[in-house]
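Work through each task yourself before reading the solution.

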Amino acid sequence: KTMQGYNGKLLRIDLSSGKTTVENIPDEIKAEYVGGRGFVAKYLWDELTPGTDPLSSENKVIVAAGPLSGTFLPSSGKVEFGTKSPQTGGYLDSNMGGHFSSEMKLAGFDAIIIQGQANRPSYLFIDNGRVEIRSAEHLWGLGAITAEAKLKQELGEDFQIALIGPAAENGVTFTCISHDFGRQAGRGGTATVLASKKLKAIAVRGNKTVAVADPDGLMKQSVSMYKKIYETPGFLTWTPYGTADITDFINDNGAFP
C-alpha cells in the first residue's frame, strides 16, 4: 500500500562530477525513520565513514522534509539540514521554518543529498523535475539576504531559496543557512560545509501536491489545532518576539544552544 505524505524520491547531487540522480526511498526507511531528522540520521550513518573531515568532499549535507510538510497542519513547515559538524566534529542536524520544505515536497522530493565539491561557486536550481547546477560566481561574497533578493529577482518570487553568506565562505565554523530573509538553520556550522563545497544556494520551485489519505479530515484537524494555538496564553507574545520570548525558559531547562 502506498504511504501517503511522501513522494518517495531522493535527489542526489554530486558537485564534483556535476551529476544529478533521483533515487527511490525504500518504504522501510520511510516507515522506520519517518522523515526530517530521521532521514538525516539514517543517511549520514549509512554513507559517512569514521574520520571523515567535515570540510572535505567526502562529507555530505542532507536536506530533508517530513510527511506533513506541504500540508496545512501547524508546525509542519520545518526543513532539516544534517552533516558532520565543522565546529564539533560530530553529528549535526539543524532546522528552520519558512516555505522551503513544502516547496521541496511540491517539487517532488522528500530529501536532497549534496556531496562532492564544485570547482567554482555554484547554486542548485530545482524547478519541479528540472535540476541544474548553475554558476553562483556573481553571488559569492554577497550577504545572504542580499543574495536571496538577487536570486528572487533573477528566478522569480515563487522560488524558495536557502543560502549562505560571507562568514561561511570565509571559514567561520558556526555559520547559519539562511532562508526567507531572516530564518536560519543555525548550530554547528551547516553553512560552512556548504561553503566548503562551493555551494552558495539551493533554489526550488514546485507545483505538485502532497498526497494525503483523508484531505477533509486533515483540514478539520488543522483548523482545530490553529484555533487552540490562537487561544494559548503565550501566543500574543510569541508572535512578535519568537524565540526571544522563551530565552529564560530554555536557559532554565538546560536547553540553551
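**Exercise 1. Locate Val34, state how exposed it is, and say what its phi angle looks like.**

Step 1: Val34 sits in the loop between α1 (27–33) and α2 (37–47). Helices here are DSSP runs of H or I with at least four residues, strands are runs of E with at least two, and both are numbered from the N terminus. This is a predicted model, in which local features need pLDDT of at least 70, side-chain atom pairs count only at pLDDT 80 or more, and totals for chains, interfaces and linings use all residues. Residues are numbered from 1 along each chain as its sequence is written, and side-chain values use heavy atoms, with hydrogens and water left out.

Step 2: Val34 has 41% relative accessibility, so it counts as partly exposed. The cut-offs are under 20% relative accessible area for buried, over 50% for exposed, and partly exposed in between (1.4 Å probe, protein chains only).

Step 3: The phi of Val34 is positive, about 70°, although Val34 is not a glycine. Most residues other than glycine have a negative phi.

**Exercise 2. Which residues of α2 are buried, and what covers them?**

Step 1: The buried residues of α2 are Gly38, Phe39, Val40, Lys42, Tyr43 and Leu44.

Step 2: Their cover includes β1 (9–14), α1, β3 (61–64), β4 (79–84), β5 and β6.

Step 3: Now look at Thr83, which lies in strand β4. At 1% relative accessibility, Thr83 counts as buried.

Step 4: Leaving aside neighbours within four places in sequence, Thr83 is in contact (heavy atoms within 4.5 Å) with several residues, among them Leu44, Val61, Tyr91 and Val193.

Step 5: The side chains of Thr83 and Asn59 are joined by a polar contact of 3.0 Å. The Thr83 side chain also reaches the backbone oxygen of Lys60 at 2.8 Å. A polar contact is a pair of N or O atoms within 3.5 Å; within protein, one must be able to donate a hydrogen and the other to accept it, and residues adjacent in sequence count only if both atoms are side-chain atoms.

**Exercise 3. How many salt bridges does the structure hold? Describe some of them.**

Step 1: There are 15 salt bridges, each being a side-chain nitrogen of Lys or Arg within 4 Å of a carboxyl oxygen of Asp or Glu.

Step 2: Arg120 pairs with Glu137, the closest N and O atoms being 3.9 Å apart. This pair links distant parts of the chain, 17 residues apart: Arg120 is in the loop between β6 (111–115) and β7 (122–127), and Glu137 is in the loop between β8 (130–135) and α4 (144–155). Arg120 is partly exposed, at 36% relative accessibility.

Step 3: Glu132 forms a salt bridge with Arg130, with the closest N and O atoms 2.8 Å apart. Glu132 is partly exposed at 26%, and Arg130 is partly exposed at 44%.

Step 4: Lys227 and Glu231 meet in a salt bridge at 2.8 Å, N to O. Because they are 4 residues apart in helix α7 (residues 215–231), about one helical turn separates them. Glu231 is exposed, with a relative accessible area of 53%.

Step 5: Finally, a network of salt bridges links Arg12, Glu23, Glu47 and Lys60.
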